[in-house]
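Keep the structure in view as you read.

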Amino acid sequence: MVRFAVTLMFAPLMLLMATRLLEIRGADLIAVIWRPLVAAAMMAGAVWLTHPHLPSFPALRLACDIMCGAAVYMVSLGLLWLLSGQPPGAEKTIGAILRARWALYRPTPPATGVGRPSKPA
């Protein structure tokens with residue numbers, strides 16, 4: 001708990017120093033990181049709520065925590081991206097890659113009218 005408190009104290013200071021060093025406006029930084037921060041908070045909440053109800057075997061509990069956290073993070077990050085108007089970023093790039101891959105494996109519909117004998121009139 002002490003490490004978490006120290007992180008909460010120093011993270012804003014480090015972000016402030018990084019914005020000044022890299023000459024980035026604070027508003028630009030917040031515009032980029034708010035979705036991952038909210039998704040991480042949702043993930044933490046989901047893991048915190050489900051953890052007590054998981055099996056008592058430690059390895060299985062850890063695996064369930066990881067799967068739950070990853071699923072909630074990805075879904076919430078995607079929904080936040082959609083709700084914010086699909087701005088350019090990693091989500092848009094990953095979406096384009098997935099659509100291109102899906103197009104490779106999607107079955108093509110059969111051609112209509114090709115190779116069929118024509119009906120007599």
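Asp28 and Arg25 join their side chains in a salt bridge, with N to O at 3.8 Å. The model is a predicted one. How exposed are the two partners? Asp28 is partly exposed, at 37% relative accessible area. Arg25 counts as exposed, at 54%. The cut-off for exposed is over 50%, so Arg25 passes it.

The structure holds two salt bridges. The other one to look at links Arg35 with Glu91. Here the closest N and O atoms are 3.3 Å apart. Arg35 sits in helix α2, residues 26-50, while Glu91 sits in helix α4, residues 90-105. The pair therefore ties together parts that are 56 residues apart in sequence. Are these two residues buried or exposed? Arg35 is buried, with 7% relative accessibility. Glu91 is buried as well, with a relative accessible area of 16%. Buried means under 20%, so both values qualify.

Tyr73 is partly exposed, with a relative accessibility of 26%. Which residues does Tyr73 touch, once its neighbours within four places in sequence are set aside? The contacts are Pro36, Ala39, Ala40 and Met43.

Step back to the whole chain. It has four helices and zero strands. From the N terminus, the order is α-α-α-α. The radius of gyration is 24 Å, whereas the globule rule gives 14 Å for 121 residues. The value is well over the rule, so the chain is more spread out than a compact globule. Along the principal axes, the C-alpha atoms fill a box of roughly 85 × 50 × 20 Å.

What share of the residues is buried? Of the 121 residues, 11% count as buried. Arg35 counts as buried, and so does Glu91. Take contacts between residues at least 6 apart in sequence: 51% of them join residues at least 24 apart.

Last comes the surface. The chain exposes about 10,200 Å². Carbon and sulfur atoms supply 75% of that area. As for charge, the chain has 11 positive and 4 negative side chains. The centres of these two sets lie 16 Å apart.

Technical notes
Residues numbered from 1 in each chain as written. Predicted model: local features only at pLDDT ≥ 70, side-chain atom pairs only at ≥ 80, totals over all residues. Heavy atoms only, no water. Salt bridge = Lys/Arg side-chain N within 4 Å of Asp/Glu carboxyl O. Buried < 20%, exposed > 50% of the residue type's maximum accessible area, 1.4 Å probe, protein only. Helix = DSSP H or I, 4+ residues; strand = E, 2+ residues; numbered from the N terminus. Contact = heavy atoms within 4.5 Å. Rg over C-alpha atoms; globule rule 2.2 N^0.38 Å. Areas by Shrake-Rupley, 256 points an atom, 1.4 Å probe, with all protein chains shown as cover. Lys, Arg positive; Asp, Glu negative; His and termini not counted. Charge placed at Lys NZ, Arg CZ, Asp CG, Glu CD.
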